[in-house]
Structures are given as structure tokens and as C-alpha cells.
Amino acid sequence: PGPDTVWTADSQVLTAERPVTLSWDNGAGQLFRIKIAIDRAHMFTVTQAVTNRGGGAIAARPFSLISREGESADPDSW
């Protein structure tokens, strides 16, 4: 997947009781999934997985980016 990848969500609503899984099939036998869960304290858990249905081995590496922009109302939490 790249920056222009269009993912499919299994739900339109993310709640503490129901995580959302994003998926993308690259058409070459690999299925990429990102499961996003949130708890009652508003902390996220993100799990990435790749299923290889292709004929050969693949090399997969996780990628993530956390970006904060603007100023926080509470500078101690920034």
C-alpha cells in the first residue's frame, strides 16, 4: 500500500465495543489489513496484518506515522 491506496472499511463507526478493520487487496495475492480499536480512555490500538495468497514469498515491513499539528490547549500533554 502507498499514500494513494484506497482502503475498504468493514464499518463506518468506531466504538469501544466495535473496532474497524481497513482492508486492501493488491491484486497479486496479498491482502493487507489494519484493525483500529479504541478503548474507553480514548487510546488507540492499531494492528497491521498481511495475508499472502500468492505463489512466492514476500517481504513486508510495518509503517506508521503519528503527526501532531497546531497547539494543544494543555501544553503538559503536548
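Here is a short walk through the structure shown above, strand by strand.

What you see is a predicted model, in which local features need pLDDT of at least 70, side-chain atom pairs count only at pLDDT 80 or more, and totals for chains, interfaces and linings use all residues. Residues are numbered from 1 along each chain as its sequence is written, and side-chain values use heavy atoms, with hydrogens and water left out.

Let's begin with the sheet. Four strands make up an open sheet in the order β1-β2-β3-β4, with antiparallel pairing. Strands here are DSSP runs of E with at least two residues, numbered from the N terminus, and two strands pair if DSSP finds at least two bridges between them. At the edges sit β1 (8–9) and β4 (44–52), each pairing on one side only.

Now look at β2 (residues 20–25) and β3 (residues 30–38), antiparallel strands joined by 6 bridges.

From β3, move on to β4. These strands also run antiparallel, with 9 bridges joining them.

Next, compare two residues. Is Thr 5 buried or exposed? Thr 5, in the segment before β1, has a relative accessible area of 18% and is therefore buried; buried means under 20%, exposed over 50%, and partly exposed in between, using a 1.4 Å probe and protein chains only. A polar atom of the Thr 5 side chain lies 2.7 Å from the backbone nitrogen of Gly 2.

Phe 44, in strand β4, counts as exposed because its relative accessibility is 52%. Together with Leu 14 and Val 46, Phe 44 forms a nonpolar patch on the surface, with about 280 Å² of accessible area. Such areas come from the Shrake-Rupley method with a 1.4 Å probe, and for residues only the protein chains shown count as cover. Patches are made of residues with over 30% relative accessible area and no salt bridge, joining like charges within 9 Å and nonpolar side chains (Val, Leu, Ile, Met, Phe, Trp, Tyr) within 5 Å; a salt bridge is a side-chain nitrogen of Lys or Arg within 4 Å of a carboxyl oxygen of Asp or Glu.

Technical notes:
Polar contact = N/O pair within 3.5 Å; in protein donor to acceptor, adjacent residues only side chain to side chain.
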